[in-house]
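Subject: Model handover

Hello,

Please find the model below, with notes after it.

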Amino acid sequence: MATGLSVHIGLNQVDAAAYGGWNGELGACEQDAMDMARLADAAGFDVTDPLLSQAATAETVTATLEAAAGRLAEGDILFLTYSGHGGQVPDLNHDETGDRLDETWVLYDRQLVDDELFELFGKFAKGVRIWLLSDSCHSGTVARLLTEMLSPQELDRRFSTADPEEVGRRIRAMPQSVQSAVYRRDREVYDRIQNTRTAKDLARIDASVLEISGCQDNQTSADGIVNGLFTGTLLEVWRGGAFAGSYRGLHREIVKRMPPDQTPNLFQAGAPNTAFARQRPFTI
């Protein structure tokens, strides 16, 4: 019988000391993680304790995924969710052909570079399915395009608003000024991460990875009062388990309900598995 394991990460804040005084305050990411854990539990997954804010360090996330890789075998599934800020660092191993920036998850004590995440996926056995939901802005193009799309005043408000009426417009992306300052200060750390790892596009992954992310590369993911816009819409489509379609169908229905400036993306990586996207979500 197949095993289902789930890991859920949600950060409403980060360590300001690690990010040059910026605490990355958000409103709904911890709730996103807990709600995804609840759905996974109802579907029969073995749910690890959600990694919330201070618990979501790079070391802990890495160790949790390594432990999951050690447990799962062919035919098993990992359900992994991340809710928080997305960031970027300069691409040193040249796997990014467009903006030359590697995407990151902004964890409590440092950013987890996408090359690290793909290296972790490479530790999973052949035939394992990995379903990833990422409710964040995690493309290197985001910060650059925001300055073209929004006025400085609106940009500042969406990064930092504490007004409950505006929280739903807060975006889940590290401000570019913070990204630049953190990289200058910690350049040795982030350069070493990339220089000691295979570029994500060249990483060998025997598992099959299916990701549904909160937005396209040139868009932003909105925070919220209870859930992020993407996660809240997923919950609405899922309807407590009444949804009977596939992963692709779930993605299509979420897109239908989202505003035109935030269109979730579906992406597959690793070993080809055409049947995976046609399965019903949360199926072990």
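This is a predicted model: local features need pLDDT of at least 70, side-chain atom pairs count only at pLDDT 80 or more; totals for chains, interfaces and linings use all residues.

Residues are numbered from 1 along each chain as its sequence is written, and side-chain values use heavy atoms, with hydrogens and water left out.

The sheet is open and has 3 strands in the order β5-β6-β7, with antiparallel pairing. Its edge strands, each pairing on one side only, are β5 (86-90) and β7 (111-113). On average, neighbouring strands of the sheet are turned by 40° against each other, direction ignored. Strands here are DSSP runs of E of at least two residues, and helices are runs of H or I of at least four, both numbered from the N terminus; two strands pair if DSSP finds at least two bridges between them.

β5 and β6 pair over 5 bridges, with Gln88 opposite Glu103 in β6. Strand β6 (residues 101-106) pairs with β7 over 3 bridges, and Val106 stands opposite Gln111 in β7.

Of the 5 residues in β5, 4 are buried (under 20% relative accessible area, 1.4 Å probe, protein chains only). Helix α6 (residues 176-195) lies across β5, β6 and β7, at about 60° to β5 (axes are lines fitted to C-alpha atoms, for helices over the stretch in contact, with angles from 0 to 180 degrees between N-to-C directions; contact means heavy atoms within 4.5 Å).

Ile171 sits in the loop between α5 (152-160) and α6. Ile171 counts as buried because its relative accessibility is 2%. Ile171 and Gly86 are 85 residues apart in sequence, with 9.7 Å from C-alpha to C-alpha.

Regards

Notes
Buried means under 20% relative accessible area, exposed over 50%, partly exposed in between (1.4 Å probe, protein chains only).
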